[in-house]
Amino acid sequence: MRTTVGIIGAGPAGLLLARLLHSAGIDAVVLESRDRAYVERRQRAGILEQGTADALRAAGAGERMDREGLRHDGIELRFDRRRHRVDFPALTGGRSVMVYAQTEMCKDLIALQLEEGGPLLFEAEALAVEDADTDAPRIRFRHEGHEDVLECAYVVGCDGFWGVARQAIPAGLTRVFERTYPFGWLGVLADVPPSHDELVYARHDRGFALLSMRSPAVSRLYLQVPDGTDAGQWGDEAIWDELERRFETADDWRLARGPITQKSVTPMRSWVHEPMRHGRLFLAGDAAHIVPPTGAKGLNLAAGDVVTFARALTHQRDTGSSELLDAYSQTCLRRVWQAERFSYDMTTLLHRAPGATPFDDRLQLARLERITSSRAAETDLAEGYTGFPLG
Ligand code: FAD
Ligand code: DHB
């Protein structure tokens with residue numbers, strides 16, 4: 001098999017890239033190791049920055065998102081039993097975010113790709129990328145019990161943190177920057193209308209909590225839990241009790257309970273692999289960087305990378321200049337490090353580390369006070385949350 005762009009992975013990065021290339025008239029093949037149902041059900045992110053939503057619309061994949069997604073113009077910060085709303089459009093010249101689940105975005109992109117786009121092979125596991133530093137890179141993969149080879153002009157590794165693509169970059173040429181956190185998130189989906197019409201980020205002495213949503217009828221909630229926690233340890237009532245404590249306010253706000261339909265624990269890490277390109281192999285999304293989830297940057301960074309790649313390849317085709325492709329890694333990493341900084345700041349602002357001292361607690365509260373009393377500090381948060389510009 002032969003194609004112009006071989007894409008490994010049908011997560012948000014690989015699927016959006018396939019769609020962008022299709023719109024630009026560039027052929028591509030997507031290889032995905034899991035089956036379609038698994039990819040469509042994997043419960044992860046829920047917030048699209050305006051730039052991500054705009055990219056989906058421009059690629060002709062925004063129709064259902066615009067019908068069913070929920071535009072959010074702010075978030076609430078909750079601490080010390082107080083509430084403070086951050087108004088995004090007022091602070092950023094009109095920017096907002098969209099609540100639309102990663103599962104739904106992936107379903108839309110898969111349907112479009114299968115209808116109109118190039119091949120998307122499920123249960124096709126990439127085994128290795130070969131000859132990345134030549135003009136003819138190849139992906140060796142296994143599909144329906146056979147080994148095969150995809151000959152490409154370019155390979156994009158969109159295969160997530162556990163993927164194989166980045167192994168093709170010689171260790172001597174790479175640097176990894178990493179930080180782990182001594183806590184994770186217990187995430188639940190519940191069949192109950194969200195108790196607030198915007199997301200609530202709560203800092204509490206017992207730990208962080210987040211109220212989010214998937215639709216007007218489904219809540220998505222998270223609790224900070226110790227590293228290594230097994231989701232099965234937490235009974236449903238214990239989860240609601242703990243959420244109630246951490247979201248408690250001095251006014252009459254109440255948390256509505258409902259049946260919990262899914263539970264899982266996500267570990268937290270900050271991790272960046274540099275460079276994001278080696279010869280004709282490009283890395284995009286979680287294959288190249290991970291952020292802790294606070295602030296919802298992971299999916300949006302993945303989208304930014306593939307928009308940058310599609311733009312660079314189109315530029316090369318149209319002008320013959322490889323200038324943008326050559327700058328790919330630097331261009332993406334500038335934005336990646338801003339998102340790493342933002343996610344780290346949000347995480348340390350709102351979580352309680354196991355060894356936190358009263359001094360640390362006071363500092364967190366002072367940082368929160370600063371955001372709620374200084375327009376400059378609040379604007380910095382709003383700009384980071386609604387997204388850093390591409391390029
Ligand atoms: P992925 O979504 O990981 O997709 C990679 C794809 O490649 C997968 O489909 C995988 O099956 C496939 N693949 C892997 N290896 C191979 C191979 N060898 N051959 C073929 N295919 C392969 N972000 C937020 O903003 N908010 C959240 O609440 C949030 N929660 C998360 C919870 C979890 C458990 C995880 C892991 C991530 C979460 N994230 C969250 C991050 C966000 O979901 C990711 O940043 C986003 O999915 C990145 O997209 P991606 O396409 O780069 O990678
Ligand atoms: C969600 C996840 C996040 O990490 C976040 O900051 C906000 C919302 C969510 O899954 O809905």
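A residue counts as near a molecule when its C-beta atom, placed from the backbone, lies within 6 Å of it. With that in hand, here are the close-ups of this predicted model.

**View 1. Ligand 2 and the residues that surround it.** The shell in this predicted model consists of A45, G46, I47, L199, L210, S212, R220, P293, T294, G295 and A296.

View 2. Domain 1 brings 14 residues to the contact, and domain 2 brings 16 residues. On the side of domain 1 that touches domain 2, strand 7 (97-99) and strand 16 (260-274) supply at least two residues each. That side of domain 1 is made up of 6 nonpolar, 6 polar and 2 charged residues.

View 3. Follow the strands in the order 3-7-4, and you will find antiparallel pairing. Strand 3 (47-49) and strand 4 (70-72) stand at the edges with a single partner strand each, so one side of each has no neighbour in the sheet. From one strand to the next, the twist averages 30 degrees. Helix 3 (residues 50-58) packs on the sheet, where it touches strand 3 and strand 7. The direction of helix 3 makes about 85 degrees with that of strand 3.

**View 4. Strand 4 beside strand 7.** Which residue stands opposite V97 in strand 7? Look for H72, which takes that place. Strand 4 and strand 7 pair in the antiparallel sense, over 3 bridges. As a reminder, strands of a sheet pair through backbone hydrogen bonds, either parallel or antiparallel.

**View 5. The shell around ligand 1.** There are 32 residues around ligand 1, and G9, G11, G160, G285 and G298 come nearest. Helix 1 (12-24), strand 9 (124-130) and helix 8 (298-319) each provide at least two residues of this shell. How do the residues of the shell around ligand 1 divide into nonpolar, polar and charged? There are 15 nonpolar, 10 polar and 7 charged residues.

How values were computed: Residues numbered from 1 in each chain as written. Chains lettered and ligands numbered in written order. Predicted model: local features only at pLDDT ≥ 70, side-chain atom pairs only at ≥ 80, totals over all residues. Contact = placed C-beta atoms within 7 Å. Helix = DSSP H or I, 4+ residues; strand = E, 2+ residues; numbered from the N terminus. Nonpolar A, V, L, I, M, F, W, Y, C, P; charged D, E, K, R; others polar. Pairing = 2+ DSSP bridges. Axes fitted to C-alpha atoms, helices over the stretch in contact; angles between N-to-C directions.
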